[in-house]
Amino acid sequence: MAKISVIVPIYNAEKYLAQCIESIIHHTQRDLQILHINDGSTDSSLSIAQDFAQRDARIEIHTQSNQGQGAARNNGLQHANGEYISFVDADDYLSQGGLNRMIALAEQYNADIVKYKIHFMRYDAPCIYNSVADFEMDVDVIAGKAQALNRYDISDYHVVDAIFRTDII
């Protein structure tokens, strides 16, 4: 079992995908499972993911017909074996140390969910998760499904700004 499974839905993301994958495979958290869910891409996204998978055994690729990001994430959940789950969009990338810091906070507070803020670099560009230093101020620790449901307006809840303990999903 990996410490964390990182699920990346991929659909026509050739412009950003290499940077996204690089940020995950070079992350300081080495005990991770990387699940790329190809959602019927028609560009070179699948080929890019396959090139990385040949070089890194932690990467798994699963392909489905185009069903949308939600279905791709659900597909990833079926294959996830990590203690925690993180969702990363193919046009995003992780700051170094971010996953380690979130896992440490989840363990420190026995949290089921650790939410954090994302920082948008530009309106028309991919975003980067806040630096590790920002997690201290911006983190929100949640224990239990009931607290999560009561705490947040589900219609405004983004999965790319949190890690989740797998057994609550």
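Which residues are buried in helix α3 (residues 69–79)? The close-up views below take up that question and a few others, using a predicted model.

**View 1. Helix α3 and its buried residues.** Within this helix, which spans residues 69–79, the buried residues are Ala72, Arg73, Asn75 and Gly76.

Which residues are buried in helix α3 (residues 69–79)? The close-up views below start there and then move on through this predicted model.

**View 1. Helix α3 and its buried residues.** In α3, which covers residues 69–79, you will find Ala72, Arg73, Asn75 and Gly76 buried. What do the buried residues of α3 pack against? Their partners are the strands β1, β2, β3 and β4.

**View 2. Helix α2 and what covers it.** Helix α2 takes in residues 45–55, and its buried residues are Ser45, Ile48, Ala49 and Phe52. Their arc around the axis is only 95 degrees, so they too share the same side of their helix, α2.

**View 3. A charge over a ring.** Stay with phenylalanine 52 for a moment, one of the buried residues of α2. Arginine 55 lies over the face of this ring, 4.5 Å from the ring centre.

**View 4. Strand β4 between two partners.** On one side, β4 runs parallel to strand β1 (residues 4–10), and four bridges join the two. Look for valine 6, whose bridge partner in β4 is serine 86. Strand β9 also joins β4, this time antiparallel and through three bridges. Here isoleucine 85 has phenylalanine 164 of β9 as its bridge partner. Are the faces of β4 covered or open? Both are covered: Tyr84 and Ser86 are buried on one side, and Ile85 and Phe87 are buried on the other.

**View 5. An aromatic pair.** How many aromatic pairs does a search of the whole structure find? The search finds one. Its members are phenylalanine 87 and phenylalanine 164, and the pair is edge-to-face because the ring planes stand at 65 degrees, with the ring centres 6.1 Å apart. Since phenylalanine 87 belongs to strand β4 (residues 84–87) and phenylalanine 164 to strand β9 (residues 162–165), the pair ties together parts that are 77 residues apart in sequence. Phenylalanine 87 counts as buried at 5% relative accessibility, and phenylalanine 164 is buried with a relative accessible area of 7%.

**View 6. Alanine 2, in the segment before β1.** Where is alanine 2 placed? You can find alanine 2 in the segment that comes before β1, and at 10% relative accessibility this residue counts as buried. Leaving aside neighbours within four places in sequence, alanine 2 is in contact with Asp31, Leu32, Gln33, Asn81, Gly82 and Glu83. Arginine 58 is 56 residues from alanine 2 in sequence, and their C-alpha atoms are 9.6 Å apart in space.

**View 7. Asparagine 38 in strand β2.** Our last stop is asparagine 38, a residue of strand β2. Its relative accessibility is 4%, so asparagine 38 counts as buried. When neighbours within four places in sequence are left aside, the residues in contact with asparagine 38 are Ile10, Leu46, His62, Thr63 and Gln64.

Methods: Residues are numbered from 1 along each chain as its sequence is written. This is a predicted model: local features need pLDDT of at least 70, side-chain atom pairs count only at pLDDT 80 or more; totals for chains, interfaces and linings use all residues. Side-chain values use heavy atoms; hydrogens and water are left out. Rings of Phe, Tyr and Trp (its six-membered ring) pair if their centres lie within 6.5 Å; planes under 30 degrees apart count as stacked, over 60 as edge-to-face and the rest as tilted. Buried means under 20% relative accessible area, exposed over 50%, partly exposed in between (1.4 Å probe, protein chains only). A charge sits over a ring if NZ of Lys or CZ of Arg is within 6 Å of the ring centre and within 35 degrees of the ring normal. Two strands pair if DSSP finds at least two bridges between them. Contact means heavy atoms within 4.5 Å. The arc is that of the directions from the helix axis to the C-beta atoms.
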